[in-house]
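Subject: Structure handover

Hello,

Here is the structure for your records. My notes on it follow below.

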Amino acid sequence: MKVLKKLFGGLNMTWPKLILFAVIAGVYTGLINQVPFLHDTSLTDPAIYFDRWILCGILIIMNAKSNLDSALKCFVFFLISQPLIYLVEVPFLGWTVMGYYRNWILWTILTFPMGFVGYYMKKNKWWGLLILLPMLVLLAGHYGGYLGQTVFSFPRHLYSAIFCAATMLIYPIAIFSEKRVRIAGVVISAVLIAAMTIWVIIKPPVYDTDILYSGGEQGAVFDDTYQASFTDPSYGTLSIRYEEAIESYMVHAELRKAGQAEVVLKAPDGTEKHYGIDIHRDTFEIEQK
């Protein structure tokens, strides 16, 4: 508890420290995002999602001296850190990567009013929880997304899912000292976490795509008299459909987990063709065996 009190209100967040914090956060995120074997993992999630940046914003708010100090420091932190991420990536990806910064400009501008309003969470009133609530809902959405990705390609994004759930429970405890407000915040967070967990269990993620088409690069020729299946049904389901736009039959897949699987294409006479497929979260590679 002493550590939480120190982090959420006991830090001397001077301007030089804030600027150094922003530079380190931006450079680290840009560099870690260029490590190939870390792609699509928890370590590169901050380059896409908000959860770690929410923590940065709340730490700045809770250690600010006034509402204006909170607003200015939040704005400057994100004004420095976000473009730095893309500038660091320029030597690896070229200047076109700066086009993605457009998606963050509006959020950077909004950090000023959010920092101003967020400062009033420090007043320890029930309406402080209302200010925090949108962040809890946003984190719950991220938690559900991360958990779904973990289910699809375990253990990827597991750390991110745990991080979101943990911070959702920690924020009310660290921000509020009024017992009823704190308990209400923890209960709200727990309900959101439980709801998203149940949702992922009921509606697990599915990667919906076409993996083969008749006459394509893999040399498969088939029609709707053929049968397509996985040797291991846990990878998902396959079906054959006709696509009028290209006048060809397609093997359509509803993929339910990542990994290396085997696809069997069975002709009406019983002959089979086998294909190896390497499934990722939103891409795949397939070749005839």
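**Loop residues**

Asn-124 lies in the loop between H5 and H6; helices (H or I, at least four residues) and strands (E, at least two) are DSSP runs, numbered from the N terminus. This is a predicted model, in which local features need pLDDT of at least 70 and side-chain atom pairs count only at pLDDT 80 or more, while totals for chains, interfaces and linings use all residues. Residues are numbered from 1 along each chain as its sequence is written, and side-chain values use heavy atoms, with hydrogens and water left out.

The phi angle of Asn-124 is near 65°, a positive value in a residue other than glycine. Asn-124 counts as buried because its relative accessibility is 19% (buried means under 20% relative accessible area, exposed over 50%, partly exposed in between, with a 1.4 Å probe and protein chains only).

The loop between H6 and H7 holds His-157, and phi there is near 70°, again a positive value in a residue other than glycine. His-157 is buried, at a relative accessible area of 2%. Pro-155 also sits in the loop between H6 and H7. The peptide bond that joins Phe-154 and Pro-155 is cis, with omega at about 5°.

Tyr-49 belongs to the loop between H2 and H3. With 22% relative accessibility, Tyr-49 counts as partly exposed. Not counting residues up to four places away in sequence, Tyr-49 touches Trp-104, His-142, Tyr-146 and Gln-149 (contact means heavy atoms within 4.5 Å). From Tyr-49 to Val-187 is 138 residues in sequence and 24 Å in space, C-alpha to C-alpha.

**Helix H3 and its packing on H4**

H3 covers residues 51-62. At 1.5 Å a residue, the 12 residues of H3 should span 16 Å, and the end C-alpha atoms are 17 Å apart, which agrees (the expected span is 1.5 Å times one less than the number of residues).

How much of H3 is buried? Of its 12 residues, 11 are buried, so H3 is largely enclosed by the rest of the structure. The buried residues are Asp-51, Arg-52, Trp-53, Ile-54, Cys-56, Gly-57, Ile-58, Leu-59, Ile-60, Ile-61 and Met-62. What covers them includes helix H1 (2-7), helix H2 (15-32), H4, helix H5 (102-118), helix H6 (126-152) and helix H7 (158-175).

Two packed helices are described by the angle between their axes and the distance between the axes. For H3 and H4 the angle is about 150° and the axes are 9 Å apart (axes are lines fitted to C-alpha atoms, for helices over the stretch in contact, and angles run from 0 to 180 degrees between N-to-C directions). H3 and H4 are therefore roughly antiparallel (angles under 35 degrees count as roughly parallel, over 145 as roughly antiparallel, 65 to 115 as roughly perpendicular and the rest as oblique). The crossing of H3 and H4 is right-handed (left-handed if the near helix is turned anticlockwise from the far one by less than a right angle, right-handed if clockwise).

On the H3 side, the contact is made by Trp-53, Cys-56, Gly-57, Ile-60 and Ile-61; H4 supplies Ser-70, Lys-73, Cys-74, Phe-77, Phe-78, Ser-81, Gln-82 and Ile-85. These residues divide into eight nonpolar, four polar and one charged (Ala, Val, Leu, Ile, Met, Phe, Trp, Tyr, Cys and Pro count as nonpolar, Asp, Glu, Lys and Arg as charged, and the others, Gly among them, as polar).

Ser-70 is in helix H4 (residues 67-93) and is buried, with a relative accessible area of 0%. Apart from residues up to four places away in sequence, Ser-70 touches Ile-60, Ile-61, Ala-64, Gly-115, Phe-116 and Tyr-119.

**H6 with H8**

H6 and helix H8 (residues 179-202) pack at about 25°, with axes 9 Å apart. That makes H6 roughly parallel to H8. Their crossing is right-handed. Residues in the contact include Trp-126, Leu-129 and Leu-133 of H6 and Val-181, Ala-184 and Gly-185 of H8. The contact of H6 with H8 has 16 nonpolar, five polar and no charged residues.

**Strand E5**

Val-263 is in strand E5 (residues 259-266) and is buried, with a relative accessible area of 1%. Beyond its neighbours within four places in sequence, Val-263 is in contact with residues including Ile-211, Ser-229, Phe-230 and Leu-238.

Regards
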